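Dear colleague,

I am handing over a structure that you have not worked with before, and I would be glad if you could look through it alongside the notes below.

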Amino acid sequence: MEITLELNGTSRTLKCQPHETLLTVLRREGMVSVRFGSTSGETGASAVLLDGLLASTEVVLAAQANGRSVTTVESLNVDDGLHPIQAAFAATGAMQSGYSTPAMVLGALALLAENSNPDEEAIRDMLSGILDRETAYVKPVAAVQQAAAVLRGEQAEPFRPLLVAPMTDGVHAVEIDPTDEAPEASPAVPRVVPSREVPKTSVVGHPEVKVDALRLVKGNPAFTDDFEMRNLLHAKVLRSPHAHARIVSIDDSAARALPGVHAVIHHGNVARIKYASGGQSYPNPKPYDQVSFDDKVRHVGDRVAAVAADSVEIAQEACRLIDVTYDVLPAVFDEREAIRPGAPIIHDEADTADIADAGRNVVHRMTAQRGDVEAAFEKADHYYEQTFRVHQVQQCPIEPHISVAWLDSDQRLVVRTATQVPFHTRRMLAPLVGMNIKDIRIIKPRIGGGFGAKQEMLLEDIVGHLAIATRQPVRLELTREEEFASSRTRHPQTMTYRTGVNSDGTLVAQELKLLGNTGPYGTHGYTVQTVAGLRGLTSYNAPNKRFDCEVAYTNIPVPGAYRGYGAPQALFGLESHMEDIADDLKIDPIEFRRQNWTKTGDEMNIAPHLGEQGVLEEELDEYPTVNSDGIEECVAQGARAIGWHRRTDRSWREPADQPHIRRGVGYAHSMHGTAIPYLDMGGCSIKLNDDGSFNMLVGATDLGTGADTVLGQIAAEVLGVPLDDIRVYSSDTDMTPFDTGAYASSTTYISGTAAMRAAEVVRKRLKERAAMLLGIEIPCSIELRDRRAWAPDGRSVSLEEIALDSLHLNEQEQIMGTGSYVSPDCPPPFGATFVEIELDTETGQVTVHHMVMSVDCGVAINPVTASGQVEGGMLQALGYAHCEEFALDEAGRMENAAFGPYWIYRADEMPRTDVFLVQTMEDSGPFGAKAVAEIPKDGVAPAIRNAIVNATGVRIDQLPFTPERVFNALHAS
Amino acid sequence: MPRAIAYHRPSTVAEALDLLGNGCIPLAGGTVLNADDDPTPVSMVDLQALNLSDIATNDDELRLGAMATLHDLATNHQLPSGVAEAARAELPSTLRTLATVGGTVAARNADSVLLAALLVHEAAVEVVGPGGSTTITLPHLLSEGIPEGSLITAVRIALGGESVRRSTARTPADQPIVSATARQTQDGTWVAVTGVADHPVLVDPENPTVGLNPSGDFRGSRDYRCRLAEVLTARAVAAVGGIA
């Protein structure tokens, strides 16, 4: 059929099928700013203006738009410049991945056309239909406010950090005056508490606009699905309806006979090569308990077969025509039940080695200790034991997993894919598709959020097999339901803390006994639990510590990497446990922690015994120590901002006019890590161009975090140029240096140091060439700044002149440098999280009104992107604590595999979120930087839990704090 | 979504009824139908050209055209504020502009706060079918469904007396696990509760759980939902100065 619509002001007649959505047709017409988020439209990534109103195009048939007006963000891209709304989004750091930014820009356009001065409530209502896992909506609100001011003709306030005076000397606690208030500022403005130890810099530490802002805010082609391929085939995966079953037979004849089907693959025609899908360093942690297609399925949503066809619809129909006979087996979902005798055995195949105890479904067993905890428990004045249960949630990137594979003209396999780990993927994919690593190229374009979900080889082998089988490009994109059922999630755990403490509040021993649930496959199952042990037992000093862990196979959807990687689970338990001990000992909860927390100069005394390269105590010469911490300042800033003194104010906690309401404030301490020592490695190369600018190639994987920007700032600082002179490209296994990928809070620290080193190589050569041009004998006396090389006598030569000379005129050479870095250290960032809640005692409903987090991330290379990381992390952590959960029925089917039933926070309900960046100088990091991306995941859940304790006295040791759970706890006590 | 194999956009109700009589299914805003992943082939009848989106007052009644969107309801100042607010709360910004009041009635979502607001405003639903036009009370329609081959053309609500909603949800904007909406007029107190039956229901303000047998799910068990219905009804009724 034909439809005629006014597309961005121009009448267009388009062909479409009756079933095609407006999203499909617009993208086919090149409007790639309109992006898929879910078939039911709740993400808003696909929103356009339909007759001037914001509308999700996944739920609009193209035919419905016939005769109507459609506006996409491409309508604003009339020249090289930015529309004021686009400019405001760029200036305020309102986008991270930018996947949904075009929808937000359009929403703002419609809102401001109707109301030139909307209040915050109206802006948040406009944003309510555009889900964002990255910004917590803090900076998008500020962007709309700024755009509104500009469009009203007002002068826009420059968006820059607010410097907040330190409240402490960095070492000692201070008494906080209840009448003292934090400096008033928009929550979007990064609050930076400066340190005198930090040297002055020109580019580092400044709120530079993201280097990819232009392409993102304009909605230009940037993501995996934004690039067209000729003869593209579409893949779909037939997935298991059973949680545990053996495949007795597969008859694919009807599917193969369907016109338009090009290939059908399953365990009968794909080689059985064992692997582990987690994107981790060589050698991947064992066991290798997966194959591309197995004759057994182990969770609802597990792979059974895949089809490549001319269209998605034909591929779907072909999947329906595959006749599979299953022998359905008993299933088990709870890790505690899975390891009991008689539980169904999930991995009974003969060809998986290195399972700790397959008969008990125990995939890993690990212990680590220092000292003698049992003896210390015996001697301690007090002994506490407490068990916690944490649940399964998902990362929920708004861009689902998507991969496109094809054979290039040299018949090499190219995969453009939304991945956090392109280099690991290349190495892991090679044996599965029977190719050499050198014959595979992985291209990582922009990614619409990952958060660990994309630290996985999830689709690449499927599209690889199908591209090889069909010799045509093949695209596979997950639906939202598939994303829930078959991508990755956070590990559920049952954990018991045992603690010995003396009456003066000194910890003498602490043990974490952990039972992790890794679902049907061990991917990340080992390392997530070790990180849980590391984080759960490193925050506090105790001479005796023990980690005792088992990891169980079950039939739940597969857990994997999720931002925080074991720490949010462990710190929920730990910070709840510490709160309750303090309460029992009648010690102030912060003071109790202060007495024991690990700080500068202290050993991280179990850390070396855990992880992929754990060592025994007797093998170790010395323990790593903490070299920098800003925790006292973090606590002071956070306590003042939240109004911590109110926790003892009964008239506030129990409002007289609302007898069913209780209020509370809660606190949680966080100590995280920065990269994996001796393992995470990053590479960078930089070359000089004719005009004195630089191309910088990094293997690091910007997921929207701003990594490219931060790495560019580091290089620009070294080279004495503005950020705009650095053109950053990431990442492509054919072109960019190796990098382990974006995970473990490593990019700024590891890849940043690699960038610094590469820039230093280039700087050295630039100085030598400048010395030649200026006739100076000592190149090291030359200084680079303002795009020039300056001699001590004040003469200078521009970098452009050096470039032209070196490339074209004299002793020609390409000035370039490479750098790489692997760290022996893992400097911990610290955080103090505070929340204020209100609780309805008659219903159990908890409402979070305010969250504050102060973070010591060393020097924030870019305070806008760093504060954005904290804001987004806190949004996800809030969901973890409060509303997100996988609900499985008795057969293991997910009851809430859609946004809505699976609730993630919207713009119009987010509590106020304030972030303070407390500077410290971490000498081992580039320009003093430590990590920031994961620590905001750690403190929100225990802080809410502790606020509930403050409000009601009731201790709830299980997440999430949904109304009925809270109600039951209140009424059980 | 159901696989549309044919699309029709009639310009008269008669044409639409003819198409429905031939097995086509009605398409209002599309937020429910187009989001359905049922692959069954269907022929769709788009109702957007039937001129059914007017909102108009008539004495002490307000007539909401079936194709008026929730955005229209939320921004129309003729509506009682409780109904407008419920329309806003029903769906977020990107879906509210598509979903219609007629489609909302047809979907009979058990958690719909908009349906609850319409119920307490004594809503009646205008339906046209092969046998002509008729008006069905909203409680009856929610209970029995739309007569086969018929179309909703409008929803009429009584004016006077503002409604107030009290609810319990996981988060402030989440669809409530249970909500109670109350409206008080000279004629009495109306209370509608969501999350306790297959669709929102009017309940006795003094005994709101009588006759209810909610099914529980992961958000709330049967007993918990009953408990909420009692607590929230009492609060909503008190908020409108009602009898409880």
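Predicted model: local features only at pLDDT ≥ 70, side-chain atom pairs only at ≥ 80, totals over all residues.

In chain A, the domain assignment gives domain 1 (1-163), domain 2 (224-329 + 405-482), domain 3 (334-393 + 489-562), domain 4 (629-673 + 827-973) and domain 5 (681-822). For domain 2 and domain 4 of chain A, the C-alpha centres are 38 Å apart, and the contact between these domains involves six residues of domain 2 and seven residues of domain 4. On the domain 2 side of this contact, three residues are nonpolar, one is polar and two are charged.

The next item is a pair of helices in chain A, namely H19 (residues 707-719) and H20 (residues 747-774), which pack at an angle of about 30° with their axes 8 Å apart. The crossing in which H19(A) passes H20(A) is right-handed. From H19(A), the residues that take part include Val710(A), Leu711(A), Ile714(A) and Val718(A), while those they meet in H20(A) include Ser751(A), Gly752(A), Ala755(A), Met756(A) and Arg763(A). Taken by class, the residues of this contact are eleven nonpolar, four polar and two charged.

Helix H21 (residues 799-809) of chain A has as its buried residues Leu799(A), Ile802(A), Ala803(A) and Ser806(A). Viewed down the axis of H21(A), these buried residues fall within an arc of 100°, and they therefore line one face of the helix. Their packing partners in chain A are strand S24 (681-688), H20, strand S28 (788-790) and strand S29 (796-798), whereas His808(A) and Leu809(A), on the other side of H21(A), are exposed. After H21(A) comes Glu811(A), which has a positive phi, near 40°.

Finally, there is the contact between the chains, where 44 residues of chain A are in contact with 36 residues of chain B. On the chain A side, the elements that give two or more residues are strand S4 (53-56), helix H4 (120-127), helix H8 (312-321) and helix H24 (963-972), and S4(A) gives the most, with four residues. Divided by class, the side of chain A that touches chain B has 18 nonpolar, 18 polar and eight charged residues.

With kind regards

Notes. Residues numbered from 1 in each chain as written. Chains lettered and ligands numbered in written order. Axes fitted to C-alpha atoms, helices over the stretch in contact; angles between N-to-C directions. Left-handed = near helix turned anticlockwise from the far one by under 90°. Contact = placed C-beta atoms within 7 Å. Nonpolar A, V, L, I, M, F, W, Y, C, P; charged D, E, K, R; others polar. Buried ≥ 20, exposed ≤ 12 C-beta atoms within 10 Å, placed from the backbone. Arc of directions from axis to C-beta. Domains from an automatic or database assignment.
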